[in-house]
Amino acid sequence: ISTLVLGEHKGGIVKPSCLSAISAAGSICNDNSISILLAGSGPSLQKAASHAASSHPSLSQVLVADNDLLTHPLAETWADLVHFVQQKEKYSYIITSSSSFGKNILPRAAALLNVSPITDVIEISDPKVFTRPIYAGNALSTVRYNGLDPCMLTVRATSFATPTLSLKESNSTFAAISQVDLSEFTQETFGKSKWIKKSSPNTERPDLVNARVVVTGGRGLKSAENFKLLETLAGKLDAAVGATRAAVDAGFVANDLQVGQTGKIVAPELYIAFGVSGAIQHLAGMRDSKIIVAINKDSDAPIFQVADYGLVGDLFDVIPELLEKLPVD
Amino acid sequence: MKIMVSMKRVIDYAVKIRVKADKTGVETTNVKMSMNPFCEIALEEALRIKESGGASEVVAVSIGPPKSADTLRTALAMGADRAVHVTTTAPTVYPLTVSKILSALADVEKPGLLILGKQAIDDDCNQTGQMVAGLLRWPQGTFASKVVLDKEKQEVTVEREVDGGLETVCLSLPAVITTDLRLNQPRYATLPNIMKAKSKVIKKVTPEELNVEINTDLEVLQVTEPPKRKAGVILSSVDELIDKLANEARVL
């Protein structure tokens, strides 16, 4: 059994969601030889490769595809690369995280390999049996993959824990790094797509998907101005800020802060919802959080049915009081 | 230029779904069905491109049982020029097969753009657009929040909603686009347009006629309810909340 994990990296660091994908691969069976494929160009790629090599005890190999064509993670080039590597190495599984990177690339690569991919896997109960949420998490579907190799999955980072100790601390061996020979790599769709730019909002806050604490605002926040209040609270808790679709649609915050069925899926240790009613589409994005706190004026809001701790009250009173009374680290 | 839009008939987004007692799936009999919301956005975008002179025709496509024609009729009432119904009685057509059918139709229709919703709100797969783009070897702009067509240069610039921001890509036509939530606000069909839609053509084809076999490498073993989260306690003050978080939940 062998698995190829498609890895995403930034600034010389492999993203934590890829480590969850390695954990998922490790949970398939004991004798799984796991490789991570990193693509890009230049020093930041090589730096990410050495980071990857010591990132996860289950990892045995880091494959590096270094080429100017791969500088930006375009789906067209990546899918061709996955197809190219698979022709040579014949992996049993190809896995990546359910990030916008993974969801963009993996289905396209699966089509090239004539395989049905399985999205958003949250549980691997047997080497070919996978559970995934459907209908915004209101039902769970368990499917068996009966096709030829490779079996292709995107996995939810929140469902597969990453190792807490780095290998340096635990004194384990590093995975071997090898370069992918791209001399015969032909890119069929070359030039059909061009990467123009990526704009990221300036924020000091931790990443929404990986944060230990998430504070979310709903329509009850009433304005973009009031979201700053939430930012201040997030600062105090070292939390990421999230929002409901209603708050995003009203223009209070940027699109990529939306938590829910069609937005980000989060499962932090602590999730605090302010002025969130609790539509099923929103609950789909946060129901796996360890502790859920809801603050809402409306005592009948559905969010209270999933909250561990509820407080019926005006968030404009509660937030300042929290700011004043929360212990400082 | 022609734009092809594919659409799926799903349980209406406002319906609270029920898992069948025998765990074979979700109850769909006597349940309100509608066009998948992301497909509405895809159609709206196609119509706007046509109205601004970027395209000459919008063709709506759906795959499924006879009832899928209702969804196509809605598409025609919203403004699609004509529709193609790929008829099948298969209970489930998985994204790989859907992609093969759409790819075969694209070979016939030769659209400059194929626009789809990024996901259907029933199976939440988020695969079909990427897969059909792969099969056709067309470039893809997934999770689009802004689409700008340059007819002269035969290219389309797509702003994509990605983790941690927005990414912009430029694709040469023909291309595949999948729509995110905030690309546009779909229109409602007006009564005169609903009347007009009745005389528009829905062409029927079968997967066999397109040389696509309906089979799958996936088998659903069971569909179950997710574990319930039990409601917790309602607290009376911020002090009590801080105390619970620090000493009971130990998350502070």
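**View 1. Helix α9 of chain A meets helix α6 of chain B at an angle.** In this predicted model, the axes of helix α9 (residues 315-325) of chain A and α6(B) come within 10 Å of each other and cross at roughly 55 degrees. That angle makes α9(A) oblique to α6(B), and the crossing of the pair is right-handed. From α9(A), look for V318(A), E321(A), L322(A) and K325(A); from α6(B), the residues that make the contact are V238(B), D239(B) and I242(B). By class, this contact of α9(A) with α6(B) holds four nonpolar residues, three charged ones and no polar ones.

**View 2. Helix α9 of chain A also packs against helix α6 of its own chain.** Which helix of chain A has an axis that comes within 10 Å of the axis of α9(A)? Helix α6 (residues 224-237) of chain A does, and the two axes cross at roughly 25 degrees. Angles under 35 degrees count as roughly parallel, and α6(A) and α9(A) are therefore roughly parallel to each other. α6(A) passes α9(A) in a left-handed crossing. On the α6(A) side, the contact is made by L229(A), T232(A), L233(A) and K236(A), and on the α9(A) side by I319(A), L322(A) and L323(A). Five of the contact residues are nonpolar, one is polar and one is charged. Do pick out L322(A) here: this residue takes part in the contact with α6(A) and also in the contact with α6(B).

View 3. Four strands form an open sheet in the order β8(A)-β9(A)-β10(A)-β12(B), with antiparallel pairing. The edge strands are β8 (123-126) of chain A and β12 of chain B, each of which pairs on one side only. From one strand to the next, the twist averages 30 degrees. Within chain A, β8(A) pairs with strand β9 (residues 129-134) in the antiparallel sense over three bridges, and E123(A) stands opposite T131(A) of β9(A). Where the sheet passes from one chain to the other, strand β10 (residues 139-145) of chain A and β12(B) pair in the antiparallel sense over six bridges.

View 4. Stepping back to the whole interface, 65 residues of chain B are in contact with 70 residues of chain A. Several elements of chain B each supply at least two residues of the side that touches chain A, among them α3 (95-109), α4 (128-136), β7 (140-150), β8 (155-162), β12 (218-224) and α6 (238-247). Which strand gives the most to that side of chain B? The answer is β9(B), with eight residues. Sorted by class, the side of chain B that touches chain A has 34 nonpolar, 17 polar and 14 charged residues.

View 5. Chain B has six helices and 13 strands, and its C-alpha atoms fill a box of roughly 65 × 45 × 40 Å along the principal axes. Of the 252 residues of chain B, 46% count as buried. Among contacts in this chain between residues at least 6 apart in sequence, 68% join residues at least 24 apart. The helix shown here, α2 (residues 68-78) of chain B, has nine of its 11 residues buried. Those buried residues include T71(B), L72(B), R73(B), L76(B) and M78(B).

**View 6. Strand β15 of chain A is buried on both faces.** Strand β15 (residues 240-243) of chain A points A240(A) and G242(A) one way and V241(A) and A243(A) the other, and all of these residues are buried. Its pairing with strand β14 (residues 213-217) of chain A is in the parallel sense and runs over four bridges. As a handy landmark, V214(A) stands opposite A240(A) in β15(A).

**View 7. D31 of chain A sits in a loop.** D31(A) is found between α1 (16-26) and β4 (33-40) of chain A. Is this residue buried or exposed? D31(A) counts as exposed, because it has 7 C-beta neighbours inside 10 Å. The C-alpha atoms of D31(A) and I1(A) are separated by 6.6 Å, although these residues are 30 apart along the chain.

Conventions: Residues are numbered from 1 along each chain as its sequence is written. Chains are lettered from A and ligands numbered from 1 in the order in which they are written. This is a predicted model: local features need pLDDT of at least 70, side-chain atom pairs count only at pLDDT 80 or more; totals for chains, interfaces and linings use all residues. Two residues are in contact if their C-beta atoms, placed from the backbone, lie within 7 Å. Ala, Val, Leu, Ile, Met, Phe, Trp, Tyr, Cys and Pro count as nonpolar, Asp, Glu, Lys and Arg as charged, and the others, Gly among them, as polar. Two strands pair if DSSP finds at least two bridges between them. Axes are lines fitted to C-alpha atoms, for helices over the stretch in contact, and angles run from 0 to 180 degrees between N-to-C directions. Angles under 35 degrees count as roughly parallel, over 145 as roughly antiparallel, 65 to 115 as roughly perpendicular and the rest as oblique. A crossing is left-handed if the near helix is turned anticlockwise from the far one by less than a right angle, and right-handed if clockwise. A residue is buried if 20 or more other C-beta atoms lie within 10 Å of its own, exposed if 12 or fewer, and partly exposed in between; C-beta atoms are placed from the backbone.
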